[in-house]
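Hi everyone, thanks for making time.

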Amino acid sequence: MTATLPPETGAAGASAEPPLAASRPALAQDWRRLVRMGAVGAVAQVFIALSNMPVRLDERVIVKPVLSLGYLTLLIVPFAAGHRVGHQIKREGMPQHAAGAHEVAGGAACGAVAGGGLSLLAVLLANFDLREPLVNWSPMLAELLAFGNATRFAVVIWLLIGAAVGALGGGLRLLGPRTRRAVVTMALAVGGAAVLEPLVVDLAEGMRLEALTDRLYARRGGINWTSALGLAAGSGILAVLGRGRIQQARAHIAELEGAQRTRTNGLLILATAAVLIVLPLFAGKLTNELLANVGLFVLLALGLNVVVGLAGILDLGYVAFFAVGSYSAAVLTAATSPRINPELPWLVALIVVVIITGLVGLFIGAPVIRMRGDYLAIVTLGFGEIIRLIFLSDWLSGWFGGSQGITKIPGAGIFGLTSVAGTDPRRVFYLVLAFCAIAIYVSWRLERSRLGRAWMAVREDETVAEAMGINTVNVKLLAFVVGAILGSFSGAIFANKVGSVFPSSFLILVSMVILVVVIFGGMGSIIGVIAGAALLIGVLGGPKQPGLLQEFSEFKLLIYGALLVWMMLARPEGLIPSARRTRELHQEEFLQDAWLRGEVDTDDGNGAEPEATERS
Amino acid sequence: MRQGWAPRRTGAPRTGVDQFLTVLRVFAVGLVLIGLAAFIAQEINTDNAFARWANPDATGLTGAQFRGLVVSGIAQGAMYGLIALGYSMVYGVLGFINFAHGEVFMMGAMTGMITSNKLADAGLWESNFIGSLIFIVIVSMIVCTLVAVIMERVAYRPLRGSPRLIPLITSIGVSFFIQNASIVLLGPAAKAYPDVPDWVKDKHTFIQIEGSRILVVVVAAVSMGVLWYLVEHTKGGKAMRAVAEDAEIAALMGINVNRTIVKVFAVGGAMAGLAGILWGILFRSVIHTTGFLPGIKAFSAAVVGGIGHLGGAMAGGLSIGVAESVGPLLILEPLGVSGVSQLRDAVAFAVLIGVLLLRPAGIFGERLPAEDRT
């Protein structure tokens, strides 16, 4: 079905390498590739430096007093460039040690070129004043680049740093898989501990373990360098000892069948639930707030996952349902809403909200559902923006308060027992958790239902699905409505949590962020979507919500954009992909593999015959 | 779905969705007609019973106001048309919406702002306005061409041949990235163009139209003519049309498909750069979100004119421009909607939705790549 342009020769860029003569290790081609990668790295370096990331993030210390997040942003590029070049330099036919030297040298050269970008920038900073268009062209940046010394120092030091880090990146590949895993685990442990610092400190206070965190972290943030070494050593040892254990356990679980499998799954779910229920008791306000925000986005992402992931409808205006849910909850529960204020109890209001949002979903969905996928995306974007503009307009300000919004919304009351308001994030989190559980259960059941299979059939090939007797229009419309209803849950919680709704909370931006979360996590994969929300929203933050790395708030949208592109290029199936979706996206590779093995993969009833795909 | 949105021509509406769509279409057309009728009624006589019924407070428009709206609509529409060319050509060749094209336009406006301010500092902007204008147009076209070509190379070329939504999502990411890159590099505040000479700012004494609008329309018309010549009468243009028609066959005929696609992006980028300068002259202010709405509107314009159709893009741009400038006052105000100017953008989106609902193939019909055509 997806017979667009056939890949031209050389069109695939780096992946389609022409065969090299094995006897000539260093070729002009390698050099060209090396310089090109270095130049890209240099541009990236200069961009990062001028985006003010290093200066702004310098305050966040990772390992005290060696490394701050600001410098880390500058080190990551030569490392990646060196790693990439090391990967691309052919080692076929070379003796092992020669290949190793090549990778390290290549990485170093590439990193030096990338670091050279910063050297050049330091010189330019000293001699020109480009403050007019570039707001971050500041003496602060120059000082940071030169570590407080003269410009000459900056030039030399960045060439050296680039070369060193690039060599590290290139050399990483030389390590055996076991050592490499240990190294990566160590880096992840230190980085993770640094990123999670606020969370860990908060939890430790709740559990009366301050002594531990006092030792681990320095007073003004960042890990003590001694503790960092200890942490790295510990995690390295654990990685070496525990090597393969996790895989074994996973393989073991995958082999289980029937009742045993159900029981294991149930146990896993119970354990996760227990942790999530107990954890907030020990956590302070900030952590709970963070958890509640993440939960809210999990809920939103699960809703969008039904639409985008399962049914394959790219809905760019998903925020519309969030907005409608929030506004209708606000109008129904707040005493201050301008026109009608029935002041319903929250749970009763929720039922009405669900009905209203479902109807809106039907109303928006019906006209767009027949359109081509890409037209549909743009039109839903239009609807998302129209809904916001309507809430904003003077025309209906008698109903929704215009730009003033609706304020003083009471907390969400549950059966008159408790009231959940934003002032008590722990209760909010429990509420969100409950709804997340519902949403997860619903998505999980739906995915395995007749309707879910119909959605996936439509996603794969609409014409074939129709030929199989699926009423594609109704099925897609249902996906739209289910997504809308799931979105309205988070809308209703959001309104009563924050206590006020304004049109500015429902920018198209929110849709985009949810889309990034879904795509990053893995379209159509429930666990993936949850992990995506936890990682992105928890660490970097939502459109308005701060994450663990609060310093990143200026840059998170930039990172989201880059992440979206990178995911699409490198791993379109997402972080934790659903097996079926991966097959769809890499259909040709799978078929090729099957063909090479001399078998045609049709045993799962999903793979098509290669002849069929060639023809389409 | 390959056949896209296909209205059923035979027999009665089959499903509930079809019936709903019919009702919606009738409703939309009816609303527009009633609004128009009320507008005409109140233009004839303000105390007309029909006009009073529709909106008791309606004031109507004077002839001069109406003409002013139409002229500003045409000027903006010409700009939309130039942006729409990029959408239309890329869609015609590759079959996906390059969502980031609006950002290329924004980059053009930004480049123009930076260059013109530098020129103004040097005193050249005042002393030689036309010369500096030509200079900033050239700079902006070069920058935008580069941006578009790099975008194609980095983000879209590796994705050729993947399912159609994948490049669309990528282009959303690119758009997001460029917008936020503009924030972090150039700051989040709105930035102003330097002051323009009086003959551009003021209304012309003879025809009562601002010089800037005449300038925009003339520039757009000239560049449209040049582009038309390039595409219809040069070898490269022929290659573009051939690739749009069927890339595989074109490759067999010895056309370098990759290079042709790069050319398409380059031409689209150059036109967007030009449009960015026109935006600067019309509004004299630019911000990182400048590209979003004009981008969406230009895409609507491309659809209205029929995707893959050069003249259609221009015609579509003009009609969208006029519709968004006159529409709210012509149709919504007589219907009693207050604060219509706030709903201007909503009207632009409504036009897009309406077009896709009523006539997704556009006025002149689509020209799609072979595999998207059915």
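Let me begin with charge pairing: between chain A and chain B the rule finds zero salt bridges, a salt bridge being a side-chain nitrogen of Lys or Arg within 4 Å of a carboxyl oxygen of Asp or Glu. Before going on, some housekeeping: this is a predicted model, where local features need pLDDT of at least 70 and side-chain atom pairs count only at pLDDT 80 or more, while totals for chains, interfaces and linings use all residues. Residues are numbered from 1 along each chain as its sequence is written, chains are lettered from A and ligands numbered from 1 in the order written, and side-chain values use heavy atoms, with hydrogens and water left out.

So how much area is buried between chain A and chain B? About 6300 Å², with carbon and sulfur atoms giving 74% of it; that is accessible area (1.4 Å probe) lost on putting the two parts together, summed over both. In contact terms (heavy atoms within 4.5 Å), 65 residues of chain A meet 72 residues of chain B.

Now, chain B by itself. Its secondary structure comes to 15 helices and two strands, taken as DSSP runs: H or I of at least four residues for helices, E of at least two for strands. Chain B has 374 residues, and 55% of them count as buried, meaning under 20% relative accessible area with a 1.4 Å probe, protein chains only. Finally, among chain B contacts between residues at least 6 apart in sequence, 76% join residues at least 24 apart.

Notes
Buried < 20%, exposed > 50% of the residue type's maximum accessible area, 1.4 Å probe, protein only.
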